[in-house]
Amino acid sequence: MTPIEVLFPLIFLVLTGYLCGKTGFIATTQLEGLRRFIFYIAIPVFLFLNMYQADLDKVASPQLLLAFYIPVLMCYLLTLTTKWLNNKKARAEAAMWGLGGTYSNTVLVGLPVIIAALGSEAGSLVFMIITFHSALLFALSFLFSSNRSGSLIETLKPLFVNPIVLSISAGLLFNALYIPLPKLLFSGLEWLAKPAISGALFVLGVSLVQYSIKQAWKRALLLSITKLWVLPIMVFGFANWLQLSEIHTAVLTLMAASPLGVNAYLVARQQQCAQDTLAASVVISTMLSPFSISAWLYLLI
């Protein structure tokens, strides 16, 4: 399967969503309801079921987690430190830059690409790895950007209600404890999960209409290069250094090469810092990702 065959359905869904939003066919009020269904019901159920069915003996590999998260942490701290050294008063903004250079849109972009290119079994690796993805990067960003006036629990409270973290953790718990799901309930959950990927890509396309890149495109381009090339190069190099298998290396690299996730912008908006930069980075990295991911697919597969 060529990179064009892998990426075309994904790009088609995003472009369809963008055209629906640009022409006004999908209104803002309609988008909010659709977004809530996809991100708070369909995707969490999809992640829960996949984590629930995952073969933990094959997936749970400390070496695999280290090969991904050590480069992610290094890139986060490198980006944060570089920005902070340029302006030592902008610690919160530096934290948002660190998040913008490392937070991957794995569920909407990385996962469909990996499944299409490597098969559904490779998706199991993704589910285990992203269990800690949002929790780690959001926790670091909240801590570095916080004014320290509240308690640690209050600072990290958004993590406790994050649907991605909750759904994957619940699926992992049910799997590890061998808690059975009734067949009727499992069947119903499967139907809820079916529109998760296609719906998420469509919503992503509609959402791009709302973000502007005029004011912060230079900063966003720099972050996009970091996200699409610097981070995956670091992950690829580290995975090869640890002598991981080809499929494991490909999964980790493609995850790292995914564009910036929109949740990074939501964190910036919540912290009221670098909102324009991260919003523009979501748009630019998403627009550039078909070219960078195609290059990585040629290299890896």
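Analyst: Let's start with the second largest pocket of this predicted model: 20 residues line it, and Val14, Leu208, Val283, Thr286 and Met287 lie nearest its centre. A pocket here is an open set of points on a 1 Å grid over the protein atoms alone, where a 1.4 Å probe fits and protein lies on both sides within 12 Å along at least five of seven lines; lining residues have an atom within 4 Å of a point. The second largest pocket has a volume of about 450 Å³ (the space filled by probe spheres set on its points, which are joined across faces, edges and corners).

Helices are DSSP runs of H or I with at least four residues, numbered from the N terminus. By type, the lining of the second largest pocket divides into 16 nonpolar residues, three polar and one charged. Ala, Val, Leu, Ile, Met, Phe, Trp, Tyr, Cys and Pro count as nonpolar, Asp, Glu, Lys and Arg as charged, and the others, Gly among them, as polar.

A short note on how to read this: residues are numbered from 1 along each chain as its sequence is written, and side-chain values use heavy atoms, leaving out hydrogens and water. As this is a predicted model, local features need pLDDT of at least 70 and side-chain atom pairs count only at pLDDT 80 or more, while totals for chains, interfaces and linings use all residues.

Next, the largest nonpolar core. It holds 95 residues, and Ile43, Leu47, Phe68, Leu252 and Leu278 touch the most other members. Helix α2 (residues 28-53) gives the most to this core, with twelve residues. A core is a set of buried Ala, Val, Leu, Ile, Met, Phe, Trp, Tyr and Cys residues joined through side-chain atoms within 4.5 Å; buried means under 20% relative accessible area, exposed over 50%, and partly exposed in between, with a 1.4 Å probe and protein chains only.

Leu252 shows the packing well. Not counting residues up to four places away in sequence, Leu252 is in contact (heavy atoms within 4.5 Å) with Leu64, Ala67, Phe68, Ile129, Val235, Ala239 and Leu244. Phe68 is buried, and Tyr69 is buried too.

Ile129 leads us to helix α7 (residues 120-129), which is largely enclosed by the rest of the structure because eight of its ten residues are buried. Those buried residues are Ala122, Gly123, Ser124, Leu125, Val126, Phe127, Met128 and Ile129.

Asn105 sits in the loop between α5 (91-100) and α6 (106-118), and with 5% relative accessibility Asn105 counts as buried. Beyond its neighbours within four places in sequence, Asn105 contacts Gly110, Leu204, Ser258, Pro259, Leu260 and Gly261.

Phe236, in helix α14 (residues 217-241), is partly exposed, with a relative accessible area of 25%. Apart from residues up to four places away in sequence, Phe236 touches Thr249, Thr253, Trp296 and Leu300. Phe236 and Leu254 are 18 residues apart in sequence, and their C-alpha atoms are 9.2 Å apart in space.

Conventions:
Helices (H or I, at least four residues) and strands (E, at least two) are DSSP runs, numbered from the N terminus.
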